[in-house]
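Biologist: Thanks for joining me! Could we walk through this model together, one question at a time?

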Amino acid sequence: MRAPILPLLLTLACEGPGYSAEQDRTRPLPADDLPPVTDAGGEAVAEPVRAHPYAVALTPDGRTALVTLRGSEISPGSRVAVIDVVDARVVTRLDVGSRPTAVQVSPDGEYAVVLSQLSPWASVISLAGEIRVQGRIEVGYYAEDLAFTADGRMLVTNRATDRLEELELVERDGRLEARRGRSVEAGVNPGPVALSSDGAKVYVADAGGLGVRVLDARTLEERAFIMLNAPIADVAAMGPWMVVSTLNDTNGLPCEDDADYPGRQGDGIFPIVTDRTCGRGFADIQNEIAVIDTENDLVALRYTSDTAEASEADREGDHDPALMQVVGALPHTIAVTGPTSAWVTMGASFEVVEMRLGATAPPEPPTLEMPRALPTGFAPRGVAADPDRGVLVVANMLGDSVSIVHTDDGARTDVALGGDAPEFPATNAEIGELFFFTALFSTDGDQSCSHCHPDADADGKSWGVDVVRAFGRRAVMVLKNLADSRPLLIEGVFDERDFNLEMEGISFRPDYHDSSYALQVQRRDAHYREVSRELIGREVGFDEMVRRVADFLVAEPRLLPSPFPSDSPEARRGEALFFRPDVGCANCHPPPSFASEESFERVTTLGRFDLPRRDLDPDISVKFIEEARDGFFNANGLRGLWDRRGGLFHDGRARTIRETILTPGHRCLEEGEQGFNEAGGVVDTNGGVSHLDCGQIEDLVAFLNTID
């Protein structure tokens, strides 16, 4: 189901001269904005300053689009582009907060609200008459998404506090003011939020919990939690359904009838370590649309792509062919155009895809069709739709542009937003970045690095890895500050520029397996050259692309600044504890990287599937046979620990910082928590905390949350 790489019709409309992307880097930083994390362990290479358009909103008449220019972590943007959709041109840019990530228009169409991660306030943009910034609303750092209720409230998810915040909006003297209302828990790193079609319920994507939390819209009391076991990019109401853009609910682990090393329910540390499919590793990645029944708050159906069933690494028959309806790779933002119709951006196949639901009512699940896929620019993210005129406005994150797409004939106009920055990709690192965010080089056009590492982060899952037939779980690594966190992988068997094995894992097509390994490699290289020629006009073979991906991953730290104050009494006391010899944290995690190149033996107990079985396949990887060390772990860096989505320790069993440092049975364990600071029944193997009281534990966590 691979879409055309090049658009059929493309008109490039640039804004006039006078804007330089460098202005964003040199603009004075407001006192209350969080400064970006700019230090990196490697040799810094100057990369182009990119606008990275991200979220889109349309005015009620459909004539004007507001597009957030998020920028990068090291050079955050601070503007919203105002675009004339009819004339396909940039009208102006408005100054908003730092790293704007979401924009929504109010139900009455009078104003829009822009959330910015690194500013503690949201910008209010007046849409009546001249479009201008009208004022600010205090929302706190890392406000991620927002939804308006019918009675004038604004619900905001916050990535730093892990809560859903309620604000009551009141107009006074021509200005919009906000009174803070209730605040409720919303999981770990809550993101997209939407109301049901009748406005009675709120649906919040819980990134760390890999599911959707359902709250009563009036009381904000939690009604249900819907486990998807997958990251969630967006949630949207379509009639009696909530539609979720997500990925597979499997983990690449062995199934019960695996011929080499059968899994059994209850093996290892996790309650369930076997998979409902027999696809292994990367072959288990699918692009999915989940449909939730809003009456019963249950998943009615999950539609999948799973074109990987054509590859050798997968097992045919794992999925019902009737459910294999999803077209494109990495479903992201959903723009609803009617009770049964919508468009969804496919971030890794560079297209926007039409989505139609059958007109059914719960409990009868709807059918799903994706009849059309229209090309966009590189890495589309946000999309807004004007169904009356048949127009879509798509933010192309890597393309530094907005695509205005007419759905009747697919005609497309790209509006450039990068100012004087060179066309992407302009550097070796940006070629690697393009590979990282696209699935077009992969076995079936379904998989990319960004599937498991969105925004170079982690998806919050634990994945099965069949290296030397270990079949263990591995927490997905956060790909931040890699130049200063070597060696890589939990076992410390990679250096910071060696990603050959991972790229090889997604890059063998089915027709590669009918001949010698040498011919397979030759065919793979030819495929890389063909795709890169179509995408960027130059040929990049597999070996060169390995180097380019390494260039991208070490080019910038990509850390987000911590919102937690380092000078608080709690953090200062926690810092003293961190360096105390009897606690011992700094022994394995010394500053400034808070990582170590040493490996440490048996710091945590292993599960059965974490024990390598070299006897089953001794030739699978010379590198791993020689360097994999049973029970040895690399001390990964602690920078950015405040922002982890869970999945801590080598297998992701610990969901919070507290669970990593607390010992089993510790007196400070709270309901639902487990302490994993032990190995083979011996406690304090991951730092000495048994003798600390609950206040000291909280102080230690407070300090760990400040390390960025």
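**The open sheet**

Modeller: Gladly, and keep in mind that this is a predicted model. Let's begin with an open sheet of four strands, ordered E18-E19-E20-E21 with antiparallel pairing.

Biologist: Which strands are the edge strands of this sheet?

Modeller: An edge strand pairs on one side only. In the order E18-E19-E20-E21, that describes strand E18 (232-238) and strand E21 (298-304).

Biologist: What is the bridge partner of Ile-289 in E21?

Modeller: Strand E20 covers residues 287-293 and runs antiparallel to E21, with six bridges joining the two. Within E21, Ile-289 has as its bridge partner Tyr-303.

**Helix H2 and the whole chain**

Biologist: How many of the nine residues of helix H2 are buried?

Modeller: Buried means under 20% relative accessible area. Helix H2 spans residues 428-436 and is mostly covered. Its buried residues include Ala-429, Ile-431, Leu-434 and Phe-435, and also Glu-430 and Glu-433. The count for H2 is eight.

Biologist: What share of the contacts with a separation of 6 or more comes from residues 24 or more positions apart?

Modeller: The protein chain has eleven helices and 36 strands, and 62% of its 708 residues count as buried. For contacts in the chain with a separation of 6 or more, the share from residues 24 or more positions apart is 56%.

How values were computed
Residues numbered from 1 in each chain as written. Predicted model: local features only at pLDDT ≥ 70, side-chain atom pairs only at ≥ 80, totals over all residues. Heavy atoms only, no water. Buried < 20%, exposed > 50% of the residue type's maximum accessible area, 1.4 Å probe, protein only. Pairing = 2+ DSSP bridges. Contact = heavy atoms within 4.5 Å.
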